[in-house]
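Trainee: I am new to this structure and would like to go through it with you. Could we begin once it is on the screen?

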Amino acid sequence: MLKAENLHCVYTSGLIKTTRKTAVCGVDLEIFPGETVAIVGESGCGKSTLAKLLVQQLAPASGEVFFEGTKLTGMNWKNLRKYMGKIQLIPQNPDDVLDPRWTVERSVAEPFVIFGGFSREEISAKVDALFAEVGLSAEHKTRYPHELSGGELQRVVIARALALKPEILVCDEATSMLDVSVQAFILAVLKEIQKKRGLGLVFITHDLEAAKAVSDRVLVMYTGEIVEEGKGVFDRPLHPYTRALMDAVRYASLEVVLPEEVGPLPDGFSGCPYFRLCREKTDACKEPQKLRNVSGRLVRCWKAK
Ligand SMILES: Nc1ncnc2c1ncn2[C@@H]1O[C@H](COP(=O)(O)OP(=O)(O)OP(=O)(O)O)[C@@H](O)[C@H]1O
Ligand code: SF4
Ligand SMILES: [Mg+2]
């Protein structure tokens, strides 16, 4: 349904001395209807950048995104509008999509107003149905964002994202600002909606337990690249980084969280991106590492078996 091929994204910053940062490097990804794919990896590994590339908020330096076979990258805005409702982003912070000066009812109604073709009564009925679908009552509608709890706000964001009948929801740390019980509730709401509507769900998170619980398939990212992808990743991790990430969560180790501390890779280094920190490295790891199939899993490490 949603397919990304060889996506690259490079950020350039600074006016006089410009620096370039490759945030996403050669990512291939496919999401099928009704499937939940979790994307995990440490802070700064490129998860949000990948999310923005998928929903067309960012244009890639190279690579393509397709929705049901139609190429979205490079499409002009007029044509792209038709597809934008189909792939919706749920960001970590509700402030990114809710205007603090508007009632939440107005924010949920906005996509219908922008797309046009609906009467006032039709919009009102659709907004009521969306509030009910995410478990909010009519009394919440006329409130402003600051008058709702974090969990209620996130449900408003989900209601708004559902307005134009999306087929894919990309949830970027959508529950990480909430306390644990509310997180579990929002996850349950999302899974229920997914089941009912047959949505594809991209679930970006730091929370490996949540990723394991909700997903059919997991993608592990490291410095902009997918290093491992498949089913049962956390039951039998094959890439040394996946194992280190799991240990970091289990033992609160900082080692994998701060790769910059060990300094940059030498100029021109084209070997394994995890080379600096990997405890299992050998000279053979200085060669480029492709994702390869290891018993149905994709792994970017020649040693994995
Ligand atoms: N607008 C930008 N300009 C320059 N660099 C950026 C920009 N946005 C992100 N980056 C850099 O790109 C890299 C990837 O950032 P991204 O936000 O995608 O990471 P992330 O995996 O979502 O991290 P987190 O888990 O902390 O949300 C980081 O090194 C970040 O500093
Ligand atoms: S290729 Fe080498 S450095 Fe990279 S993860 Fe595998 S063992 Fe470690
Ligand atoms: Mg992020």
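Mentor: Let us begin with Glu5, which counts as partly exposed at 31% relative accessibility. Please keep in mind that this is a predicted model.

Trainee: Which residue forms a salt bridge with Glu5?

Mentor: Lys3 does, and the closest N and O atoms of the two are 3.6 Å apart. Lys3 is partly exposed, with a relative accessible area of 32%.

Trainee: How many salt bridges does a search of the whole structure find?

Mentor: The search finds 16 salt bridges.

Trainee: And what does Lys86 pair with?

Mentor: Lys86 forms a salt bridge with Glu167, and their closest N and O atoms are 3.9 Å apart. Lys86 lies in the loop between helix 2 (77-84) and strand 6 (87-90), and Glu167 lies in the loop between helix 6 (150-162) and strand 7 (168-172), so the pair ties together parts that are 81 residues apart in sequence.

Trainee: Is Lys86 buried or exposed, or something in between?

Mentor: Lys86 is partly exposed, because its relative accessible area is 24% and the range for that class runs between 20% and 50%. Glu167 is also partly exposed, with a relative accessible area of 24%.

Trainee: Moving on, which side chain meets Arg243 in a salt bridge?

Mentor: That of Glu280, at 3.2 Å from N to O. This pair links distant parts of the chain, 37 residues apart: Arg243 is in helix 9 (residues 240-251), and Glu280 is in the loop between helix 9 and strand 11 (292-294).

Trainee: What are the relative accessibilities of Arg243 and Glu280?

Mentor: Arg243 has a relative accessible area of 29% and is partly exposed. Glu280 counts as partly exposed at 33%.

Trainee: Which residues do salt bridges with shared partners join into one network?

Mentor: Glu35, Arg217 and Glu229 are joined in that way.

Trainee: Changing topic, where does ligand 2 sit?

Mentor: Ligand 2 sits in the largest cavity.

Trainee: And which residues are around ligand 2?

Mentor: Glu280, the partner of Arg243 in the salt bridge, is one of the residues around ligand 2.

Note on methods:
Residues are numbered from 1 along each chain as its sequence is written. Chains are lettered from A and ligands numbered from 1 in the order in which they are written. This is a predicted model: local features need pLDDT of at least 70, side-chain atom pairs count only at pLDDT 80 or more; totals for chains, interfaces and linings use all residues. Side-chain values use heavy atoms; hydrogens and water are left out. A residue is near a molecule or strand if one of its heavy atoms lies within 4 Å of it. On a 1 Å grid over the protein atoms alone, a cavity is a set of points where a 1.4 Å probe fits but cannot get out, and a pocket is an open set with protein on both sides within 12 Å along at least five of seven lines; lining residues have an atom within 4 Å of a point. A molecule sits in a cavity or pocket if more than half of its atoms lie within 2 Å of its grid points. A salt bridge is a side-chain nitrogen of Lys or Arg within 4 Å of a carboxyl oxygen of Asp or Glu. Buried means under 20% relative accessible area, exposed over 50%, partly exposed in between (1.4 Å probe, protein chains only). Helices (H or I, at least four residues) and strands (E, at least two) are DSSP runs, numbered from the N terminus.
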